[in-house]
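Subject: Structure handover and what was found in it

Hello,

The notes come after it.

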Amino acid sequence: MRPLLIPLIALVLGGIVFVNVAKLTLTNETGKVIERARVVEGQTARLKSDLEQRNASVRRTAQQKLGMIAPESDSVTYLDPPAAR
């Protein structure tokens, strides 16, 4: 019984070390993913802001140079395309 006890304890301790190393690796990778998500969120906010500024510029130019105005949301009518013959 005693000769089997030492290898069994070594195997259990090795398993505990393996699980802890795997957990540490996973925690590290999770931190990297969270940091990358923050960077992407910042880029998305910057791009949305840039898009809104450009859209406003296009609307302003269309209104000033072409006399176009944006219709009210309830005044837009959608038409069905004619049926194919």
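Predicted model: local features only at pLDDT ≥ 70, side-chain atom pairs only at ≥ 80, totals over all residues.

Residues are numbered from 1 along each chain as its sequence is written, and side-chain values use heavy atoms, with hydrogens and water left out.

**Overall form**

The chain has one helix and zero strands, where helices (H or I, at least four residues) and strands (E, at least two) are DSSP runs numbered from the N terminus. Its radius of gyration is 32 Å, well over the 12 Å that the globule rule gives for 85 residues, so the chain is more spread out than a compact globule; the radius is taken over C-alpha atoms, and the rule is 2.2 Å times the number of residues to the power 0.38. Along its principal axes, the C-alpha trace spans about 95 × 40 × 25 Å.

Of the 85 residues in the chain, buried ones make up 1%, with buried meaning under 20% relative accessible area, exposed over 50%, and partly exposed in between (1.4 Å probe, protein chains only). The chain exposes about 8600 Å², of which carbon and sulfur atoms supply 64%; these areas come from the Shrake-Rupley method with a 1.4 Å probe, and for residues only the protein chains shown count as cover.

**Charges and salt bridges**

The chain carries 12 positive and 8 negative charges, whose mean positions are 10 Å apart. Here Lys and Arg count as positive and Asp and Glu as negative, whereas His and the chain ends are not counted, and the place of a charge is taken as NZ of Lys, CZ of Arg, CG of Asp or CD of Glu.

How many salt bridges does a search of the whole structure find? The search finds two, a salt bridge being a side-chain nitrogen of Lys or Arg within 4 Å of a carboxyl oxygen of Asp or Glu. One joins Lys 32 to Glu 29, with the closest N and O atoms 3.9 Å apart; both residues lie in helix α1 (residues 2–66), three residues apart, about one turn of the helix. Glu 29 counts as partly exposed, at 38% relative accessibility.

Another joins Arg 54 to Asp 50, with the closest N and O atoms 3.2 Å apart, and these two also lie in helix α1, four residues apart, about one turn of the helix. Arg 54 is exposed, with a relative accessible area of 55%, while Asp 50 is partly exposed at 30%.

**Single residues and distances**

Val 12 lies in helix α1 and is partly exposed, at 46% relative accessibility. Gly 14 is also placed in helix α1, and between Gly 14 and Asp 74 there are 69 Å in space, C-alpha to C-alpha, for a separation of 60 residues in sequence.

Best wishes
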